[in-house]
Amino acid sequence: MTDNRQRSFVVALDQGTTSSRAIVYDSSARAVAADHLPFAQHYPEPGHVEHDAQEIWQTQLQALHGALQKAGVSPAEVRAVGITNQRETTVIWDKATGEPVHHAIVWQCRRTAGRCDELRLAGHGGLIREKTGLVVDAYFSATKAEWILQKSPDVAARAKRGELLFGTIDTWLVWKLTGGKLHITDVTNASRTMLFNIHTLDWDDELLALFGIPRAMLPEVRGSSEVYGMTDAAIFGAEVPIAGIAGDQQAALFGQGCFEKGMAKNTYGTGCFLLMNTGDRPTKSEHGLLTTVAWKVGDEVQYALEGSVFIAGAGVQWLRDELRILEDAAESERLAGSVPDAGGVYIVPAFTGLGAPYWDAYARGSIFGLTRDTSRAHIARAMLEAIAYQTRDVLDAMQADSGLTIKRLLVDGGATQNGFLMQFQADLLGTVVVSPAHHESTARGAAFLAGLAVGFWASRDELLAALTDQTAFAPQMEQAEREKLYAGWKRAAERSQGWISP
Ligand code: ADP
């Protein structure tokens, strides 16, 4: 290691849905210091979610300087900046003034759900899926941008005249960090817009026409790990290369070191987010998973299959806040461990319907197998097991779609603190589950992408060597027992479907 490198650092900006974070990494990929600031959530109507893009920028900038200060690092000692962000959230702003024309419309916002129904009914679903790898849904940016442009004739006219710019949050932050010099995004963020062709890796003219988005307002699409340009010294405190960009889930996949095809990660938070690296070709899903770009590094593009579980840790919160059978989330582990099994109880936490591979919006939460002896310990255990069963559902779908076998599952997120859950997950999959010591996989992924681009780290092998500080859970359950338990879950999931009427 050169002396030079000892006093140099990489900063990751992790712009999330509820807070803006910054983490400073040293050359051994250790997090030296972090800072984060929450910002306001705006709910103008039920189901509508907005952020103030200026507040996102201000909190992000403050978190950046806060983290540097805590680390005792000066801006000039930063070798590269990496950015990771909440995906799909859409900002449109005036190129000349930098003023957003509307609040950012957040990925969670359902305001364009009706428009998406319309698109499906009009038969656009197949084309959109073919080109973008996505199912038509209000999550993705296309209908959000369309909505902003159609809201006022003035805005639409300014967009036509080329006066407005579109961006996801990465694009917005880079534009601000460079003092308006760079209007770019990376392939991973582009792949979540529903405007981007994941085969040609370019904006798709047919989709742009469908949503009435002028090409001129779109950012240039770049790789995920390259020097895009320099920060404005007046803003950052020095001219520093911006050298890595990836959406949050893809960044987590990279930060977990899932560089080879067949490697997968699961983030256990409110819900679960699973991604599996499927190598250099997009894999079409027969099970309702999304096909997405994992990253582009150099000339190499890798793809991923993505699936999510709507209710994971949120089920534990429900036990705590609504059923009130837990003091705190951690108590679920003690309770689950106090009984030898769930006593035949299965909980299907389909509070908002079921996602992949069932895709049933009319399913509702259900508890099966109650008897006179069922205790709160059984209920707590069944809820934790449900997180693992739903994860297996998605991983089985991924393996069926890709023909690849997952050798170990890399995990992160708040609920990975639950040792019972991690062990049960390993048992149920028959696969080793590996949890890193440093839980911020998302920020670390952005740092890795940026550091590789500037030679701060020489290779992926060097990064893998930095990821050795891990806890592994090896499967201990007999195959027959595993399949018997899982068969019970499949019956329960089946019976919770179609519960409410359309
Ligand atoms: P998010 O980023 O989605 O807000 P986090 O990664 O912060 O989520 O994780 C928080 C979630 O994890 C909550 O839903 C909480 O119920 C769950 N959780 C936290 N600790 C535990 C635990 N020890 N056992 C089970 N679930 C937990």
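Let's start in the loop between strand 2 (19–25) and strand 3 (31–38), which is where Ala29 is found; helices (H or I, at least four residues) and strands (E, at least two) are DSSP runs numbered from the N terminus. Ala29 has a phi near 65°, a positive value in a residue other than glycine. The model is a predicted one, so to speak of a local feature pLDDT has to be at least 70, and side-chain atom pairs count only at pLDDT 80 or more, while totals for chains, interfaces and linings use all residues. Residues are numbered from 1 along each chain as its sequence is written, and side-chain values use heavy atoms, with hydrogens and water left out.

Pro357 belongs to the loop between strand 19 (346–348) and strand 20 (366–368). For context, most residues other than glycine have a negative phi, and most peptide bonds are trans.

Zooming out, the protein chain has 18 helices and 23 strands. Its radius of gyration (taken over C-alpha atoms) is 23 Å, close to the 23 Å from the globule rule (2.2 Å times the number of residues to the power 0.38) for 502 residues, so the chain is as compact as a globular protein of that length. Along the principal axes, the C-alpha atoms fill a box of roughly 70 × 60 × 40 Å.

Now for the ligand. There are 13 residues around it (a heavy atom within 4 Å), and Thr270, Gly313, Gln317, Gly414 and Asn418 come nearest. Helix 12 (residues 313–321) gives the largest share of this shell, four residues. By type, the shell has five nonpolar residues (Ala, Val, Leu, Ile, Met, Phe, Trp, Tyr, Cys and Pro), eight polar (the others, Gly among them) and no charged (Asp, Glu, Lys and Arg).

| Residue | Part of residue | Distance |
|---|---|---|
| Thr270 | side chain | 2.7 Å |
| Gln317 | side chain | 3.1 Å |
| Gly414 | backbone | 2.8 Å |

The protein covers 67% of the 580 Å² of accessible area (Shrake-Rupley, 1.4 Å probe) that the ligand has on its own.

Conventions
Polar contact = N/O pair within 3.5 Å; in protein donor to acceptor, adjacent residues only side chain to side chain.
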